[in-house]
Amino acid sequence: MKVAVAGCCHGALDKMYETLELLQRRHNVRPDLLLCCGDFQAVRNEADLRCMAVPAKYRDMQTFYRYYSGEKKAPVLTVFIGGNHEASNHLQELPYGGWVAPNIYYLGYAGVVRFRGVRIGGISGIFKSHDYRKGHFECPPYNQQTIRSAYHVRNIEVFKLKQLKRPIDIFMSHDWPRSIYHYGNKKQLLKMKSFFRQEVESNTLGSPAASELLQHLKPTYWFSAHLHVKFAAFMQHETNSKEELPKATKFLALDKCLPHRDFLQIIDVEHDPNAGDSLEYDAEWIAVLKATNSLINVTQSSWNMPEKNGLHAKWDYSVTEEAIKEVLEELNHDLKIPCNFTLTAACYDPNKPQKNMEPVHTINPQTTEFCAQFGLTDINDRIQQAKEEGSGRGECEEEEEEDMDSTGSAEEPSEYNTDNSGLSSFNPDEIMLDEEGGDEDLSTCSVDPSPDHPPEFSTSFSDIRIMPDSMAVSSDDATDSNNEELEKSAGSKQVEEKSPTERSLKRIGADENGNSGVKKIKRRNQAIYAAEDEDKTD
């Protein structure tokens, strides 16, 4: 089947789907599935805009709300993960995944689904070491810290994914796996994005957590976005035994969705011709969720996942074939994900703008139904219970968090070495967030060095369709003359930004109005958004 893959959508759904229609008219190519690698921006209303970590000037409603309201419907099944520019309050309603609009499915904090027999996994957010070992404690209205930490990857999601044993066909992450740049045409990448050089040379560009998952899952394809540049790589994995067959991953990072940009790629993926056309649950993933349910943490306390170090009675949470069989029996062998999308917030009305609409903490019926069906903890319900019980550990705090060391805990070291310098080289396309108050508010995405050394480089892959023939990947020592067309996009490396709203937590609500003290954003660099402004004026 044909799968379309997009990078950062930034809410431009109309533009993305129009491109697919143009592709069909001009090339007679009709994708069966669309995957989006984060920064989807499922913004329903003005309150959602307040929960999106971008400078206020660029909080644009875009076009998702039309699909949310039912005015339009996605012409192709769309599956996406979250990035660092999202309506975090909306996505937080669906920690285990769910429909954000008809025919548009969010994978959750981490998730695995099946479509036509193809196994698709993903992890949302970006890596930040000082939040990595915390629980999912955030809830709207967010403050200066939680509006950013809400989309930071947590160790529990990585731990869950590492329990998987069955092969993954496609995996998505927003930020790149650290070290992946060593397996493609690194010279060409640095020629186009020279400000990556220091991070590449120090091996601090990208997510160490994603790199860990790449080495463990060894999927056939891995797609990422975030850095707004197209880049291909081919990673040959080491085998753990002589009996194990060699595995390789074809990696592709994509550009953001902008006019005149080659931001979509089409690939041919082997599928089960006897499988139905519905999106399905993955039985092993459901079994893993059930097995790890006791590890759910909704506090800010930092803690490590169980490991074989003499401190934990149990460290292996992978599931047996019997456990997977039990899931299948619970579902009567019908894995089809129910089309149970429900409106949980008022939809934006351009004729009746509500600029003072406030975000509230909402428990989504889809999540309630999912948790009840499989006996799982509703994370948002747990957070709310803690709040109502007056628990300081699970509250949505209005005051800003105190400064912490980069591991988030003085007692326990982080699982990764840390580097508080953030992005050490100057990036002319970067949005940097500053902790100081001012006209505008911005944040940095710190990246942490890894002791891992990349194995030998490999060759190229050629089954990416609608792609320049020269988009072959070469080793670090190869010249870039064979790859001049590898990356033509002029994207930018994005990092976290923040924008606060502060109010007390509410149980559920569809449309909320009110005023809040919104701290303004201090801009250090807006070249990335300036580029978007130029596109709008073309």
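Colleague: Before we start, what does buried mean here?

Modeller: A residue is buried if its relative accessible area is under 20%, exposed if it is over 50%, and partly exposed in between, using a 1.4 Å probe and protein chains only. Asp48, for one, is buried, with a relative accessible area of 0%.

Colleague: Good. What kind of model is this, and how are residues numbered?

Modeller: This is a predicted model, where local features need pLDDT of at least 70 and side-chain atom pairs count only at pLDDT 80 or more, while totals for chains, interfaces and linings use all residues. Residues are numbered from 1 along each chain as its sequence is written, and side-chain values use heavy atoms, with hydrogens and water left out.

Colleague: Thanks! Back to Asp48: where is it found?

Modeller: Asp48 is in helix H2. Helices (H or I, at least four residues) and strands (E, at least two) are DSSP runs, numbered from the N terminus.

Colleague: And which side chain does the Asp48 side chain make a polar contact with?

Modeller: That would be Arg44, at 2.7 Å. A polar contact is a pair of N or O atoms within 3.5 Å; within protein, one must be able to donate a hydrogen and the other to accept it, and residues adjacent in sequence count only if both atoms are side-chain atoms.

Colleague: What else does Asp48 touch?

Modeller: Not counting residues up to four places away in sequence, Asp48 touches Ala42, Val43, Ala87, Asn89 and His90. Contact means heavy atoms within 4.5 Å.

Colleague: New topic: how many salt bridges does the structure hold?

Modeller: There are 18, each being a side-chain nitrogen of Lys or Arg within 4 Å of a carboxyl oxygen of Asp or Glu. Take Arg50 and Glu358, whose side chains meet at 3.9 Å, N to O. Arg50 is in helix H2 (residues 46-50), and Glu358 is in the loop between helix H12 (321-330) and helix H13 (365-374), 308 residues apart. Both Arg50 and Glu358 are buried.

Colleague: How about Arg119 and Glu284, buried or exposed?

Modeller: Both are buried, and their side chains form a salt bridge at 2.5 Å, N to O. Arg119 lies in strand S7 (residues 118-123) and Glu284 in helix H11 (residues 283-291), so this pair ties together parts that are 165 residues apart in sequence. Arg114, Arg119, Asp282 and Glu284 are linked in a network of salt bridges.

Colleague: Now the nonpolar core. Which residues touch the most other members in the largest one?

Modeller: Phe40, Ile104 and Phe223, out of 122 residues. Helix H11 gives the most to this core, with 6 residues. By nonpolar core I mean a set of buried Ala, Val, Leu, Ile, Met, Phe, Trp, Tyr and Cys residues joined through side-chain atoms within 4.5 Å. In soluble globular proteins, nonpolar side chains tend to be buried together.

Colleague: What is Phe40 in contact with?

Modeller: Leaving aside neighbours within four places in sequence, the contacts of Phe40 include Cys9, Leu13, Met16, Phe64, Phe80 and Ile104. A second, separate core of 8 residues includes Val43, Met52, Tyr65 and Tyr348.

Colleague: Last one: how many helices and strands are in the protein chain?

Modeller: The chain has 15 helices and 14 strands, and buried residues make up 60% of its 538 residues. Among its contacts with a separation of 6 or more, 81% are between residues 24 or more positions apart.
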